[in-house]
Amino acid sequence: MSIELPFVVDELAWDKQSGLLPAVVQDVDTMRVLMLGYMDRDALRATLDSGHVTFFSRSRQRLWTKGETSGHFLDLASIEADCDGDTLLVQARPHGPTCHLERDSCFGDAPARSASFLQELDALIATRDRERPAESYTTRLFEGGVRRIAQKVGEEGVETALAAVAQGDAELLGEAGDLVYHLLVLLRARGLCLADLEALLRERHGH
């Protein structure tokens, strides 16, 4: 995956702790602190290459990817270093509980910002994509492929535009809801998500 790092890997303070840096992991959607791990250069490179947060296990003396046995991966969103270059802040999107006690966070009372409904919907769509439950409309969309989903987005876009000029507010909102839902499915089918769209809009706003 391609993530622009705001630091140079080899300029980090690797020598302070025998080649390891503490890495605080935070949920990119809720801002909850999820866990603390340690990364060496190889773990950082593996994280960047795979898109799954990977650590160096001090007890097992090897790299380990969070979720490699449980399936509860941490999808990388961003990484930054602190002012001294000796600690990393990793923002990620968790797939299931992060803690081995089946809790969202290893810090039981870690505060979190409530996710918006769109974030919850995007997370549900991601779950449907992974699990593909039978009788799910979202599953049928994914199995129809990107071209079919794109066609649905086009149809919903036209219906939304028509509702805007020829129908009432309730109809417009209904069609807009259908459009947003299908657009989230299309983004997911292309390996993207709501957070990617938000990041683009935030970057444009900054300019």
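**Salt bridges, confidence and packing**

Author: Across the whole structure, a search finds 11 salt bridges, and the model in which they are found is a predicted one.

Reader: Which element of the protein chain has the lowest mean pLDDT?
Author: The protein chain averages a pLDDT of 92, with 99% of the residues scoring at least 70. Among its elements, helix H3 (residues 137–166) has the highest mean, 98, whereas the lowest, 85, belongs to helix H5 (residues 194–206).

Reader: At what angle do H3 and helix H4 pack?
Author: The crossing of H3 and H4 is left-handed, and their contact comprises 17 nonpolar, four polar and seven charged residues. With axes 8 Å apart, H3 and H4 (residues 169–189) pack at an angle of about 145°.

Reader: How many residues apart in sequence are the parts that Asp10 and Arg41 tie together?
Author: Asp10 forms a salt bridge with Arg41, their closest N and O atoms being 3.4 Å apart. Asp10 counts as exposed at 55% relative accessibility, while Arg41 is partly exposed at 31%. Because Asp10 lies in the segment before strand S1 (21–27) and Arg41 in helix H1 (residues 41–50), the pair ties together parts whose separation in sequence is 31 residues.

Reader: Is Lys152, a salt-bridge partner of Glu155, buried or exposed?
Author: Glu155 and Lys152 both lie in helix H3, three residues apart, and the closest N and O atoms of their salt bridge are 3.6 Å apart. Since the cut-off for buried is under 20%, Lys152, with a relative accessible area of 13%, is buried.

Technical notes: Residues numbered from 1 in each chain as written. Predicted model: local features only at pLDDT ≥ 70, side-chain atom pairs only at ≥ 80, totals over all residues. Heavy atoms only, no water. pLDDT = per-residue confidence, 0-100. Helix = DSSP H or I, 4+ residues; strand = E, 2+ residues; numbered from the N terminus. Axes fitted to C-alpha atoms, helices over the stretch in contact; angles between N-to-C directions. Left-handed = near helix turned anticlockwise from the far one by under 90°. Nonpolar A, V, L, I, M, F, W, Y, C, P; charged D, E, K, R; others polar. Salt bridge = Lys/Arg side-chain N within 4 Å of Asp/Glu carboxyl O. Buried < 20%, exposed > 50% of the residue type's maximum accessible area, 1.4 Å probe, protein only.
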